[in-house]
Amino acid sequence: MIQSTFPRRFFPTPGIALTAGLLMAALGQNVLAAPDDAARAPSANAATTASTAAEPDGPARFWDALDARPQDAWTRLRDSFGWDIESLSPEARARVDKWIARYRDSPRNIRHITRDAKPWLAWITRQVEERDLPGEVALLPFIESSFDPGARNYSGAAGLWQFMPRTGDALGLARNRRYDGRLDVDASTRAALGYIESQAERWYGGDIPLSLAAYNAGAGTVNKARRRAERQGRGNDYWSLSLPGETMQYLPKLYAIAEIIAHPQRYGVELPDIQVTPAVARVELHRSTTLDNLARRLDVSQPRLAKLNPGVLRGAVDPADSTTLLVPHGAHRQALASLSTENAEASSAGSDSASGSDGETKTETPKATHRVKSGDNLTRIASRHNVSTRDLIRWNAIESPGSLRPGQLLSLSGG
């Protein structure tokens, strides 16, 4: 079961300062965005820049006009919101208004948490958009962990998304003495959004509020409450259910913070600037290494690298645990390109090892499939083949994410 740490962490919140932002494409890799790169946001590609330089009185004014519209993470998040607070029943709205009032009474804590969201919010928003989920889902770490990727609950939940150990295991988040995938921002975000999406499709006809309730209390609890509500002649949507106390407050909290983010001036809240310009690269790793070694090669500090990768517990990165690592934008470009080339060669060498002694490549399985190996999990397989965990589950009719068996053949497409 996934549990929330909000009541313990929100008053007060011991957040941490990090330095990353939004994942985008750069140097053939994905990147995060940092707030200190606001002045560097390009308005066009190189060709357009050259053109505007040559014609300052024409196209330049056009691009300047485009740049005049605020392009920060909060604007992008608001544009992705999908819920209408005005459509709630009076009873439901009263539950939300109670939390709005509570948040307004503690503006300092809101500022603290939104500040700690700076490294992660823009990237999470993009992941939510790519799955066509309502933007409000990007704010779930606000009530789960106060946007602290190292948050741990007394009950055992950990990370931005507060996965319990067994839930993380079932979703393929590796966990051992070297690495905890629940603390890996990239891996845990993909797992959380995939879980929310798959639960909504499997049980609730795409109803995200019900899926979020199940994220907090478990699908069994929510489904039982729905059946009870139906027998009593009540509706079976989230707002009509009788659920455990924490789950009864879960959606009101999320609606409330989304309403405040949507109208900060109305509620007297000042949000920190969060830009969406590139700042941190996401690199693939196919060889074991250490954060110290990578920090020296990339000319960045080891503590900064460690803060971007809280899932790495002992300073050593093993591709058996995770094949991705986040590095700062300030990393040496040439070293980053060299690292990328080395990893591509290592990956190619791994593929060559499947060739026979006569040089003929063995093709026991087609490219559109994956043969499960010991230690494989859905998250790692999906990342390796650039598909979503949700699609893997759907294509292979997987009943339980933790039911993979070595030797099992998975389809990598819907065909």
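I checked helix H13 (residues 245-262) first: its 18 residues should span 26 Å at 1.5 Å a residue, and its end C-alpha atoms are 26 Å apart, which agrees. The expected span is 1.5 Å times one less than the number of residues. Helices here are DSSP runs (H or I, at least four residues; strands are E, at least two), numbered from the N terminus.

The model is predicted: local features need pLDDT of at least 70 and side-chain atom pairs 80 or more, while totals for chains, interfaces and linings use all residues. Residues are numbered from 1 along each chain as its sequence is written, and side-chain values use heavy atoms, without hydrogens and water.

I then looked at burial. In H13, 13 of the 18 residues are buried, so the helix is largely enclosed by the rest of the structure. Buried means under 20% relative accessible area, exposed over 50%, partly exposed in between (1.4 Å probe, protein chains only).

Next, the cores. A nonpolar core is a set of buried Ala, Val, Leu, Ile, Met, Phe, Trp, Tyr and Cys residues joined through side-chain atoms within 4.5 Å. The largest has 74 residues; Trp161 and Tyr215 are among those touching the most other members. H13 gives the largest share of this core, nine residues. Apart from it lies another core of 16 residues, including Leu298 and Val327.

Last, salt bridges (Lys or Arg side-chain nitrogen within 4 Å of an Asp or Glu carboxyl oxygen). I found twelve. Asp186 and Arg190 pair at 3.2 Å. Both lie in helix H10, four residues apart, about one turn. Asp186 is buried at 3%, and Arg190 at 16%.
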